[in-house]
Amino acid sequence: ITEFCAMISYPLSWLSVKRMGNVTKLFASYVRAVLCGNVHVSGYPYAASIEPANYCNLSCPQCPTGRHQIDKKAQKLSYQDFSYVIDALSPYLMYVNLYFQGESFLNNDLPKMIRYASSKKIYTCVSTNGHFLTQEVVDELKQTGLNRLIICLDGANQQSYQKYRVGGDFLKVTDGIKRCVAAGLPVEVQCL
């Protein structure tokens, strides 16, 4: 649904013949699968989720990363590997999520990644726990072409917030939200 909503607001000037042809192939594959049971997919992904960092600064009880439930080495995606993937998919890709179960802003190359995807006319979305939204980061984000910034604020005060965002600072997050709004970034605040 998230990708579909983004598609509605996708700038028409960014549509190319390859992207439209790809979406048409994917839609036809879907219709074939529903009507005939034929699950052969034609086309390339029109949306992707790419995780800039697979670890987090918080220990949230509802998150496998925060609970250290998944045995994995903490890593950041290199800008080189990111640009390789974007270059390969950009003729067809229309939407990219730059998050999953890690904190994206732990990767210092995140603004550079957003800027690169945006330069390829790809709708960019990032979700964050909001702890790294300093004025410097917000100013840099303003220059990236970011289309959607989701900030998770799971509480009404420090007491309720810390139940879900263990190790988090409610005031730091709300201050970051205020900076983002003041800068005119496309902010969406989410709460549990």
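Helices and strands here are DSSP runs, numbered from the N terminus. The close-ups below come from a predicted model.

**View 1. Lys 121, a residue with positive phi.** Let's start in the loop that joins helix 4 (110-119) to strand 3 (123-128), where Lys 121 is found. Phi of Lys 121 is near 60 degrees, a positive value in a residue other than glycine. With 40% relative accessibility, Lys 121 counts as partly exposed.

**View 2. The salt bridge between Asp 87 and Lys 120.** A search of the whole structure turns up three salt bridges, and here we look at the pair Asp 87 and Lys 120, whose closest N and O atoms are 3.5 Å apart. Asp 87 sits in helix 3 (residues 79-89) and Lys 120 in the loop between helix 4 and strand 3, so the pair links distant parts of the chain, 33 residues apart. Both partners count as partly exposed, Asp 87 at 38% relative accessibility and Lys 120 at 29%.

**View 3. Arg 148 meets Glu 188.** The N to O distance in this salt bridge is 2.9 Å. Arg 148 counts as buried because its relative accessibility of 15% is under 20%, whereas Glu 188, at 28%, counts as partly exposed.

**View 4. Asp 154 meets Arg 165.** Here the salt bridge spans 2.7 Å, N to O. Asp 154 lies in the loop between strand 4 and helix 6 (158-164), and Arg 165, 11 residues apart from it, lies in the loop between helix 6 and helix 7 (170-183). Asp 154 is buried at 5% relative accessibility, and Arg 165 is buried at 13%.

Terms used: Residues are numbered from 1 along each chain as its sequence is written. This is a predicted model: local features need pLDDT of at least 70, side-chain atom pairs count only at pLDDT 80 or more; totals for chains, interfaces and linings use all residues. Side-chain values use heavy atoms; hydrogens and water are left out. Helices (H or I, at least four residues) and strands (E, at least two) are DSSP runs, numbered from the N terminus. Buried means under 20% relative accessible area, exposed over 50%, partly exposed in between (1.4 Å probe, protein chains only). A salt bridge is a side-chain nitrogen of Lys or Arg within 4 Å of a carboxyl oxygen of Asp or Glu.
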